[in-house]
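Welcome, and thanks for opening the viewer. Let's walk through this model one selection at a time.

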Amino acid sequence: MAPDYERAAEMLEGARKVVVFTGAGMSKDSGIDTFRGPGGIWERFSAQDLATYEGFIRDPAKVWMWNEARRQQVAGLTPHAGYVSLAEMEGLFPQVVTVTQNIDGLHARSGASQVVELHGNIWKVRCDAEDNEPWLDERTELPEYPMHCDNCGGLLRPHIVWFGEPLDRKDILDANLAVEDCDVILVIGTSAIVYPAAGFPLLAKQRGAKVIEINIEPTPVTEYADLSLFGTAEEVLPALVVELKRRKGDGD
Ligand code: BV8
């Protein structure tokens, strides 16, 4: 059944604030593998070794080499048409806030202006010893494995939230502020099983928002979504924006 873009556009009509909540499926069409599902990252790599603090301390060089390879992959990518459409949506609604689980930075790179990165950013690092504020480091060829702090000589770590680690308090606050009064939340390309991130779409629903899911298959969000548009982010988002503009054009 073709996605019901008319119904989605009706739900979005008149929205003052839209939250765009995304997961790895949002970047799949730009060539970044998802974590779960066929060929997913966690089928080929050990989350225990590469996405926990214990794994990092056990072998920091291995974690840095893995992240360097992902930096090189991301650096060469072009955000697909779905990302461009999301940026266009910022001109169609008074406020659009992006809350992403992704660490690839593609939302900001494609023009999203308000982005909350719940799980960090692959282009940021921080000193593990000093546990200080992260800084931008966009190198795709790292000087050494693992990297060390110029200031104290301690280990540098990726500014990525690993399993078993708390999310950054400010990001949690910003995500709560985003969903507490949004009119619609678009939930795009997430399996919605990693918490606390996966709790935000339901929180938005409980606060009265309409939930529109965009995914290639049902997820735990499907049962409470007001509408599910089944298709890829790269196909669905541009088609949705075309429908939004058509209705806007009619209204003008
Ligand atoms: C926390 C960074 C507490 C890594 C990630 C036992 C022990 C320890 C913890 C737990 C435990 N049990 C539960 C937990 C909590 C745990 C958790 O939820 N685990 C899950 C697996 C059960 N959560 C945590 O550990 C979090 N921290 O709880 O801390 C705490 C509190 C206070 C003090 C101390 C501790 C931290 C979670 C963050 C982990 N980091 N990533 C890295 O990238 O290097 S998680 C990883 O999963 C990514 O961030 C990813 O974004 C996230 C969610 O996955 P998705 O984005 O949804 O991607 P996925 O592949 O799963 O799904 C893709 C979807 O896209 C699918 O639905 C697919 O159908 C769809 N799709 C595919 N193609 C397309 C598409 N859609 C559209 N278009 C397409 N073309």
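## Stop one: a bridge across the chain

Select Glu13 and Arg247 to begin: their side chains meet in a salt bridge, with N to O at 2.5 Å. A salt bridge here is a side-chain nitrogen of Lys or Arg within 4 Å of a carboxyl oxygen of Asp or Glu. The pair links distant parts of the chain, 234 residues apart: Glu13 is in the loop between α1 (5–12) and β1 (17–22), and Arg247 is in helix α11 (residues 233–251). Helices (H or I, at least four residues) and strands (E, at least two) are DSSP runs, numbered from the N terminus. Arg247 is buried, at 19% relative accessible area; buried means under 20%, exposed over 50%, and partly exposed in between, with a 1.4 Å probe and protein chains only.

Before moving on, a word on the model: it is predicted, so local features need pLDDT of at least 70 and side-chain atom pairs count only at pLDDT 80 or more, while totals for chains, interfaces and linings use all residues. Residues are numbered from 1 along each chain as its sequence is written, and side-chain values use heavy atoms, leaving out hydrogens and water.

Now pick Lys245 and Glu88, a salt bridge whose closest N and O atoms are 2.3 Å apart. This pair also links distant parts of the chain, with Lys245 in helix α11 and Glu88 in helix α7 (residues 81–89), 157 residues apart. Lys245 is partly exposed at 41% relative accessibility, and Glu88 is partly exposed at 32%.

Next, select Glu243 and Arg246, where the closest N and O atoms of the salt bridge are 2.8 Å apart. What separates Glu243 and Arg246 along helix α11? They are 3 residues apart, which means about one helical turn. Glu243 is buried at 10%, whereas Arg246 is partly exposed at 39%.

For a network, select Asp49, Arg58 and Lys62, joined by salt bridges that share partners. The whole structure has 14 salt bridges.

## Stop three: the ligand

Zoom in on the backbone: a polar backbone atom of Phe35 is 2.6 Å from a ligand oxygen. A backbone N or O atom of Glu165 lies 2.7 Å from a ligand nitrogen, and one of Ala233 lies 3.0 Å from a nitrogen atom of the ligand.

Terms used
Polar contact = N/O pair within 3.5 Å; in protein donor to acceptor, adjacent residues only side chain to side chain.
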